[in-house]
Amino acid sequence: MDPNMSSMASALGVSVPVLRFLLCFVATIPISFIWRIIPRTLPKHLYAAFTGAFLCYLSFGLSSNLHFLVSMLIGYLSMALFRPYCGIITFFAAFGYLIGCHVYYMSGDAWKDGGIDATGALMVLTLKVISCAINYNDGLLKEEDLRETQKKYRLLRMPSLIEYIGYCLCCGSHFAGPVYEMKDYLDWTEGKGIWAPTQKQPSPLGAVARALVQAAICMGLYLYLVPAFPIDYIYKP
């Protein structure tokens, strides 16, 4: 164990695994900013896939990416082999695998003891693969049978494998969300819709600054309140 990381974790009042996760989580900000200058389109997908997998490896270890691979395969194979039913198949299979991982790792107890595992990121990934499969399923339906949201996000063609992996592992949302649709990811990557070169590009600076301030306030409250009111406080008479 790195003594510098151990001393830093002690100073913050967190465990080393949690500190490692926090460092990787913060690293997603500059890594995502670099994504904006990567050439379109294939290099962006490769960059998203590699950086997401690498940060998860640093944070959770090799087994995390193996768990992610299972969920991604569930979604992609269901879309490739059973398109009319891929949404419902992915929903039950991916959620079933997620629940199995939670039970196997006893994630709730581990988090209470200061540990952390990949099931948090797996929850985000599960929602992504289910969303993608349902949108691909919607591509078979008649337009008049769809709601406006379904029309906006339905997928008429199956995403390529590298598009799918880039969407699933893109580090900007992989660790803790939020979940967005495959259609939004493709538009963002290919420069379509609001991201088209002819459009005025939305600035991320205000949203990032607001999120950082909120995170700093929450961290400050956590560091101040947890020592005074530990989790076992609620069990005391």
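Modeller: We begin with a definition: helices (H or I, at least four residues) and strands (E, at least two) are DSSP runs, numbered from the N terminus. With that in hand, the elements of the protein chain run α-α-α-α-α-α-α-α-α-α-α-α from the N terminus on, and the chain holds twelve helices and zero strands. This is a predicted model, in which local features need pLDDT of at least 70 and side-chain atom pairs count only at pLDDT 80 or more, while totals for chains, interfaces and linings use all residues. Residues are numbered from 1 along each chain as its sequence is written, and side-chain values use heavy atoms, with hydrogens and water left out.

Biologist: What box do the C-alpha atoms of the protein chain fill, and what share of its residues counts as buried?

Modeller: Taken along the principal axes, the box is roughly 60 × 40 × 35 Å. Buried means under 20% relative accessible area, exposed over 50%, and partly exposed in between, with a 1.4 Å probe and protein chains only; of the 237 residues of the protein chain, 37% count as buried. Contact means heavy atoms within 4.5 Å, and among the contacts in the chain with a separation of 6 or more, 66% are between residues 24 or more positions apart.

Biologist: How should I read a nonpolar core, and which residues have the most contacts inside the largest one?

Modeller: In soluble globular proteins, nonpolar side chains tend to be buried together. A nonpolar core is a set of buried Ala, Val, Leu, Ile, Met, Phe, Trp, Tyr and Cys residues joined through side-chain atoms within 4.5 Å. Here the largest nonpolar core has 40 residues, and those with the most contacts inside it are Phe 68, Met 72, Met 79, Val 129, Tyr 164, Met 182 and Tyr 185. At least two residues of this core come from each of α2, α3, α4 (62–81), α5 (86–105), α7 (119–138), α9 (161–169) and α11, and α7 gives the most, with eight residues. A second, separate core of six residues includes Val 14, Val 16, Val 18 and Leu 19.

Biologist: Which residues of α9 are buried, and what covers them?

Modeller: The buried residues in α9 are Glu 163, Tyr 164, Gly 166, Tyr 167, Cys 168 and Leu 169, and what covers them includes α3, α4, α7, α10 and α11. Leaving aside neighbours within four places in sequence, Met 182 is in contact with Cys 132, Leu 155, Pro 159, Glu 163, Tyr 164 and Tyr 167.

Biologist: How many disulfides does the count come to?

Modeller: A disulfide is a covalent bond between the sulfur atoms of two cysteines. The rule used here is a pair of cysteine sulfur atoms within 2.5 Å, and by this rule the count comes to zero disulfides. The sulfur of Cys 132 is 6.8 Å from the closest cysteine sulfur, in Cys 168, and this is too far for a bond; Cys 132 is buried, at 0% relative accessibility. For Cys 24, the closest cysteine sulfur is in Cys 56, 8.2 Å away, again too far for a bond, and Cys 24 is buried with a relative accessible area of 7%.

Biologist: How much space lies in the largest pocket, and which element gives the most to its lining?

Modeller: About 1,700 Å³ of space lies in the largest pocket. It is lined by 44 residues, of which Ile 29, Gly 172, Pro 178, Val 208 and Ala 211 lie nearest its centre, and α12 gives the most to the lining, with twelve residues.

Technical notes:
1 Å grid on protein atoms, 1.4 Å probe; cavity = no way out; pocket = protein on both sides within 12 Å on 5 of 7 lines; lining within 4 Å. Points joined across faces, edges and corners; volume = space filled by probe spheres on them.
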